Amino acid sequence: MERTRFSVKMRSSLGSVHGMGGRHISGAERIVPEKSLEETVCEMLRRARTHERGTADFIQIKVEELNLSKAVHAPLLRFSEIKSSSKDEGRRIAAEELEAAGVSHKAVTAGMSLLGALTDSMRGAMVLDAETGERLDTLPRPGTPAPDPRRGIRCSSMDIADEDAYRRFMKARGLYGDHAREAMVLASKVQSEPSTVAELCWSDDPGYVTGYVGSRKNGYRRITVMKDLGDPVGGRIFFVRHGTDTGKYTGYMENTPVLIDTPEEGDAA
């Protein structure tokens with residue numbers, strides 16, 4: 001019986017000094033068995049050096065052995081897709097989906113404005129109060145350094161529990177490649193934290209215009225067009241319940257290993 005896996009994390013940037021500053025290029029997360037470790041590390045290195053956002057000059061790859069008994073299991077979100085033909089239409093649909101998931105109109109408006117105003121991609125996610133729209137990840141916390149608004153919080157340490165079941169599930173829905181996999185895994189971990197109301201995301205890859213809204217209520221709602229082709233700026237927001245302890249929330253997102261269970265084909269998904 002499998003008792004351990006390895007957490008592999010990569011982040012890369014361009015124009016930084018020892019990884020501080022510069023432009024974010026790419027990041028990736030996997031939790032893999034030992035037999036897949038070397039291949040995974042090589043894939044991440046290649047990705048950082050050949051990414052469409054640029055060729056990274058700083059690449060950090062971290063490998064850590066994990067005891068699987070300490071991992072949390074969470075279900076893969078239900079998948080559905082909404083067609084949109086333009087950025088404006090896609091973002092209007094996303095706003096409607098967020099409100100349907102329980103985010104207030106005020107918070108949706110604030111979130112759309114914050115993401116739309118970005119001039120470069122963040123390394124993590126903004127955290128907004130789903131009721132008031134206040135940005136929480138930039139508020140100072142006692143005993144911690146001043147938050148960097150360009151960083152946000154990172155959802156980290158997650159992967160699929162059963163690779164074969166996941167591939168069958170995605171193939172049946174015509175979904176392939178890293179974008180869909182990483183988005184659905186991340187969205188599923190985000191929703192496994194009870195304080196999360198919904199998530200909004202669109203990609204920072206210039207050639208990938210798709211985004212999504214995630215929620216426990218409505219699942220993973222893929223929206224086909226949410227930005228203009230060639231736009232290198234993307235981002236994500238976690239909308240959380242009013243009164244959420246952001247320190248505990250950040251700790252779960254960044255440090256708790258989560259394995260995502262794929263539903264059987266006969267189950268609702």
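This is a predicted model: local features need pLDDT of at least 70, side-chain atom pairs count only at pLDDT 80 or more; totals for chains, interfaces and linings use all residues.
Residues are numbered from 1 along each chain as its sequence is written, and side-chain values use heavy atoms, without hydrogens or water. Local features need pLDDT of at least 70, side-chain atom pairs count only at pLDDT 80 or more, and totals for chains, interfaces and linings use all residues.

Let's start with Ile93, which sits in helix H2, residues 87–101. Helices here are DSSP runs of H or I with at least four residues, strands are runs of E with at least two, and both are numbered from the N terminus. Is Ile93 buried or exposed? Ile93 is buried, at a relative accessible area of 8%; buried means under 20%, exposed over 50%, and partly exposed in between, with a 1.4 Å probe and protein chains only. Leaving aside residues up to four places away in sequence, Ile93 touches Ile82, Lys83, Ser84 and Ile223, where contact means heavy atoms within 4.5 Å.

Other buried residues of H2 include Gly90, Ala94 and Leu98. Among the elements covering the buried residues of H2 are strand S5 (79–82), strand S10 (219–223) and helix H3 (105–116).

Now to H3. Its buried residues are Ala107, Val108, Gly111, Met112 and Leu115. Looking down the axis of H3, they fall within an arc of 130°, so they line one face of the helix; the arc is taken from the directions from the helix axis to the C-beta atoms. On the other side of H3, His105 and Lys106 are exposed. The cover over the buried residues of H3 includes H2 and strand S6 (126–129).
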